[in-house]
Every structure is written in C-alpha cells, then in structure tokens.
Amino acid sequence: MRVELQNVRYVYAPGTPFEVEALQGVSLAVEPDEVLGIVGGTGSGKSTLAQHLNLLLEPTSGRVIVDGVDARTLKGSELRRRVGLVFQFPEAALFAPTVEEDVAFAPRRLGLDEEEVQRRVRETLELLGARHLAGRSPFALSGGEKRRVAIAGVLAMAPEVLVLDEPTAGLDPATREDLLGVVRALREGGTPVVLVSHDLDEVAEVADRVCVLEEGKVRAVGTPEEVFYAHPEASLAPTTVRVVAPLREGHPEVGRPVRFEETLSALNGLLEGRG
Amino acid sequence: MKNRNDEGARRGGPPAVSSDNLTFSYPGSERAALANVTFELRVGEYAGVVGPNGGGKSTLLRLINGLLRADSGNVRVADLNPATEPYVVRRRVGMLFQNPENGLVAPFVEDDVAFGLENLGVEREEMRERVREAIRAVGLEGYERREPHTLSGGEKQRVALAGLLALDPEVLLLDEPTSMLDAAGRSEVLERLEELRGARTVVHVTHHVDELLDADRVLVLNAGKLVADVSPERLVSDPDLLRENRLALPTTLRLAAALGLGPAKLRTPEDLASAIVQKIGSEARAR
C-alpha cells in the first residue's frame with residue numbers, strides 16, 4: 001500500500017487565540033515496501049502528521065491519497081483498518097478483562113469468524129513476544145508489556161500499513177530491540193511501517209528513508225545516509241554519524257555509514273589502515 | 001554530571017530512603033512486583049535504578065511516595081512510613097514523571113511552578129521568592145509568562161522540575177524523566193539534574209545507562225528482585241550483568257568497546273571521534 005500526503009496543512013483551534021498551524025504544506029509519500037522514519041523536535045508536527053495517515057485528523061487543506069484514491073472517499077472504518085495507527089502511550093486504551101480479549105476486540109468487530117479471530121490473536125501476541133500474557137489482566141502488566149499488547153491489538157486488524165508514534169519510549173533496551181525486529185519483519189512481509197521517533201539511533205537502525213520535520217514543514221527527506229550526513233549536528237544525527245562525520249575531512253575513505261554494524265566495519269577498516 | 005558533590009551526604013542520622021524486605025504484589029498478578037528488596041540510601045546520594053520492563057522500578061518509586069502500600073516488609077523516608085503518613089512524606093519527596101505533557105496544569109509557567117505551594121498555603125512573598133528561585137534553578141528565567149503549551153519537551157520537563165524544587169523536597173524521584181525527549185531536551189534536563197546533585201537525595205529510574213555514568217550507585221531490579229547494587233563503572237564493564245537485565249550500553253560506549261578503545265572516558269560521539277583520530281595518528285607514526 002502507498003499513502004501520500006499532498007500539500008497538507010493542519011491548523012489546531014482555528015479562529016481562536018490558540019490557533020497553531022501544526023503542518024504547513026507537507027507533501028510526503030509512504031512507499032509500499034519501506035520503513036519511513038519521521039524525526040524532528042517536540043512540536044515539529046510528527047504526531048499530527050501520523051494522525052493524518054488514517055484521517056484521524058482531517059487536513060485543513062491538501063489531500064491524503066491511499067493507493068491512488070482520495071482517502072476522504074473511503075469509509076472511515078475501512079481506512080482505519082487498512083492504516084493501523086499506534087498512538088503514543090497506546091496502553092492507555094487497554095480496557096478488556098484479559099489480554100486475549102483486548103487483542104480480539106478489533107478483529108471481532110470486523111466480523112471475522114471466531115477461528116480467524118483466535119488465529120490473529122495468537123499470531124500477533126506471538127510476534128510481540130506476549131503470548132504468555134494472554135490470560136492476564138492488562139492492568140496487572142508492566143509498562144513494557146502493556147505497550148506490546150496494545151500494539152498487538154492494532155496488528156490483529158492486519159493493517160496494510162502500520163504507523164507507530166514513539167513506540168519505544170519507556171521500553172527497556174532489549175524490548176526496544178525486539179520491537180524493532182517486529183518492524184523489520186513487517187517490512188519483509190510487505191507491510192510498510194511509518195516510525196515516528198525522537199530516538200535517532202533507532203531510526204538509523206531500521207529506516208529505509210527518513211523525513212525530518214521542523215515547525216510543521218519537511219526540512220529534509222531521503223535515505224538515512226543523505227539526510228543524516230547533510231546535517232551531522234548533534235540534534236539531527238544519530239550517534240554513529242556524529243562519530244564518523246568529524247573523521248571524514250581527514251579520512252573521506254571512511255564513507256558514510258549509518259547503521260551500527262556498517263559503522264563498526266568502516267571504522268575498523270580505517271583503524272587497520274585499509275580504506 | 002561532572003561536579004561530584006558528596007558534601008550533602010551527611011553521615012549519621014536516619015538514611016534518606018531505606019527499605020527492609022519490601023514486598024508488594026499487584027492485585028490479580030501471580031508474582032510479586034517487588035520481593036524482599038532491602039537497601040539504604042544516604043542523604044545526598046544519587047542512585048540510579050535500572051532493569052527490564054516489569055522489573056519493579058516504577059513500583060519501587062510508588063512505594064516510596066506512598067502511592068502504594070507494601071504487603072510486607074517496609075520502606076522508610078527519613079524515619080517516616082509513606083504508607084501511614086503519605087501527606088507528610090509527599091512534602092519531603094518530589095516525583096517527576098515520564099511524560100511532561102501530563103503534569104502541567106496552569107496557564108503560565110510561573111503559575112504552574114507555584115501550584116504546589118498554593119496548595120500548601122505558603123505566604124505570598126515567600127511563594128514569589130521560591131518560585132523565582134526554582135525557575136532560576138532550571139534555567140528558565142524569562143519564561144515566567146510563557147504558556148506551557150508553547151514550550152519544547154525539554155522546557156516543559158524543566159517547568160515540572162521547577163514545580164518540584166519550589167516545594168524544596170529532600171528526595172527527588174525521577175521516573176524516566178527523559179524518555180519522551182529528543183537529544184537536546186534530554187541533555188537540558190540532565191544538566192539541571194546534575195546541578196542539584198548533593199543537595200538532595202535522588203532516585204533516578206531510567207533505561208538509559210548513559211544517564212547514570214556519574215551516579216553514586218546503580219540498583220538493578222529484575223522480576224521484582226534487587227539483583228545488583230553496583231557502581232556505574234562496574235555495571236558498564238559487566239556484559240553479563242547488562243545482558244541478563246535486558247540493558248544495553250549506549251551506542252557510543254558500544255562502538256568504542258567493539259573498536260577496542262577503552263570505554264572509560266569516551267562519553268560523547270565527539271570524544272570517540274577524537275580518540276579514533278589519535279589512534280590513527282599513532283599507528284601511522286608506528287608504521
């Protein structure tokens with residue numbers, strides 16, 4: 001699936017003293033087989049953008065196009081099934097007495113037969129390493145466990161594109177790593193993922209393309225290599241790029257690695273004197 | 001966190017925070033969220049708390065400020081029991097939460113910082129003075145009449161911190177105070193916390209080991225048990241301890257270690273870049 005924002009503007013509280021233009025003409029496409037990282041400081045418009053992908057927020061002007069069709073012409077429920085959106089702190093929306101029932105809620109509402117519902121519950125909990133929690137109350141889980149259950153609830157709808165807004169905030173490093181593994185697995189399986197994150201190191205590890213938002217505008221979009229090496233300053237580049245960028249002047253042969261493993265091998269090469 | 005200031009760590013007298021066989025289970029959960037946890041923090045100590053999700057970190061903070069009540073064993077703040085005297089304890093203990101969006105209530109920064117004092121019925125002049133002082137302590141002079149919703153995440157979290165400082169707590173509980181912040185906001189908040197060091201006892205829960213490199217000690221909680229109480233140096237140099245507790249070295253240290261450059265002094269990516277330049281230089285001379 002391909003989702004495209006065309007010149008989207010969004011104004012919060014229009015006509016009041018609190019009016020804020022959170023998106024100021026954003027054009028951006030989520031391609032069918034990619035992980036698109038969306039980064040930028042607080043207040044740059046990342047979450048507002050994420051909530052346009054399934055028209056949870058409707059653009060003040062501009063359009064959202066889903067596989068060539070204006071999203072406004074699609075039925076809302078259909079659109080929200082196809083574009084799965086996981087909010088910040090999604091665990092706040094858990095409500096059912098057990099994890100299993102919570103994850104089953106949305107697929108059941110889609111009118112799937114019970115066998116299919118159960119299959120999806122099993123598979124998504126398995127994918128998120130939360131199968132053992134199935135019979136527990138969501139309210140007796142830790143923060144990280146709740147997060148995984150909440151994400152499973154969205155994945156159980158089998159969305160055609162998944163949008164994750166700060167999914168790893170508050171997760172321990174190993175759980176974060178597992179979740180990034182899920183992101184990669186979805187992409188391999190043909191489901192594009194939009195990853196909104198303030199953690200540039202994690203975006204560097206999984207994104208195929210990166211979009212930098214600044215005050216509601218797209219400041220840069222491209223491969224992680226292009227985007228991060230164009231702005232290697234501390235607030236706009238991951239750790240790897242901040243280590244390599246100052247070396248490039250004297251040692252251009254180090255290249256422009258972004259991911260951890262490729263950075264390690266480039267730096268090892270440099271230290272061993274082979275370029 | 002450079003100026004390690006241990007002057008505030010007064011010896012003698014009751015410890016700032018302590019627990020003895022502290023045990024707590026959430027209703028409906030088959031295993032204890034905390035089981036037989038015993039520790040003692042001296043006045044002025046800076047203690048980190050790390051460990052996997054579900055390890056018991058947030059539960060510990062909630063027991064310390066009396067939001068939860070122990071099933072058995074006890075926790076003490078100074079010589080008070082937070083479960084039976086929560087209001088007294090909460091005047092001595094300030095808690096900073098993960099998401100700065102949730103804590104700010106007032107239309108202007110200075111009102112927000114004053115909010116807790118107003119509830120305590122502090123005199124107007126004294127209140128003004130304490131608000132001014134707290135805003136200065138977090139480096140937000142000139143922001144008094146700003147509306148909190150126009151601030152960045154790091155600024156909002158500093159407003160929340162100022163609100164705590166205005167109440168002059170002896171103990172600060174920090175529950176992942178940087179996890180919603182970008183790199184710039186994170187370092188702003190960490191710098192301010194570092195400046196408070198020594199004057200107050202701090203319990204800092206985080207998943208970012210790099211925030212604790214200058215802590216006096218780090219408690220590791222896993223599945224409700226206190227599995228380690230170590231110096232940060234010890235923690236970062238023990239790969240098994242890190243792995244068993246679902247922790248990871250920060251990227252800079254991980255890269256440095258993988259390149260065979262001693263991790264000790266390399267805190268920032270810029271430090272590591274200089275170390276690499278030096279090493280290339282010395283190897284070139286050797287050839």
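Reader: How many residues of domain 1 of chain B are in contact with domain 2 of chain B?

Author: Two residues are in contact if their C-beta atoms, placed from the backbone, lie within 7 Å. Here five residues of domain 1 of chain B are in contact with five residues of domain 2 of chain B. On the domain 1 side there are three nonpolar, one polar and one charged residues (nonpolar: Ala, Val, Leu, Ile, Met, Phe, Trp, Tyr, Cys and Pro; charged: Asp, Glu, Lys and Arg; polar: the others, Gly among them). The bounds, from an automatic or database domain assignment, are 17-239 for domain 1 and 249-287 for domain 2 of chain B. The centres of these two domains, taken over C-alpha atoms, are 34 Å apart.

Reader: Which conventions apply to the model and its numbering?

Author: This is a predicted model, in which local features need pLDDT of at least 70, side-chain atom pairs count only at pLDDT 80 or more, and totals for chains, interfaces and linings use all residues. Residues are numbered from 1 along each chain as its sequence is written, while chains are lettered from A and ligands numbered from 1 in the order in which they are written.

Reader: In what order do the six strands of the open sheet in chain B lie?

Author: Strands (E, at least two residues) and helices (H or I, at least four) are DSSP runs, numbered from the N terminus; two strands pair if DSSP finds at least two bridges between them. In chain B the order is β5-β6-β7-β3-β8-β9, with mixed pairing. Because β5 (93-96) and β9 (225-230) of chain B each have a single partner strand, one side of each is left without a neighbour in the sheet. From one strand to the next, the twist averages 20°. Within this sheet, β3 (46-50) and β7 (201-205) of chain B are parallel over four bridges, and B:Ala47 has B:Val203 as its bridge partner in β7(B).

Reader: Which residues of the largest nonpolar core touch the most other members?

Author: A nonpolar core is a set of buried Ala, Val, Leu, Ile, Met, Phe, Trp, Tyr and Cys residues joined through C-beta atoms within 7 Å; buried requires 20 or more other C-beta atoms within 10 Å of a residue's own. Among the 150 residues of the largest core, they are A:Val163, A:Val194, A:Leu195, B:Ile64, B:Ala162 and B:Val203. Beyond four places in sequence, the contacts of A:Val194 include A:Val30, A:Leu36 and A:Val163. A second, separate core has six residues, including A:Ala169 and B:Leu181.

Conventions. Axes are lines fitted to C-alpha atoms, for helices over the stretch in contact, and angles run from 0 to 180 degrees between N-to-C directions. A residue is buried if 20 or more other C-beta atoms lie within 10 Å of its own, exposed if 12 or fewer, and partly exposed in between; C-beta atoms are placed from the backbone.
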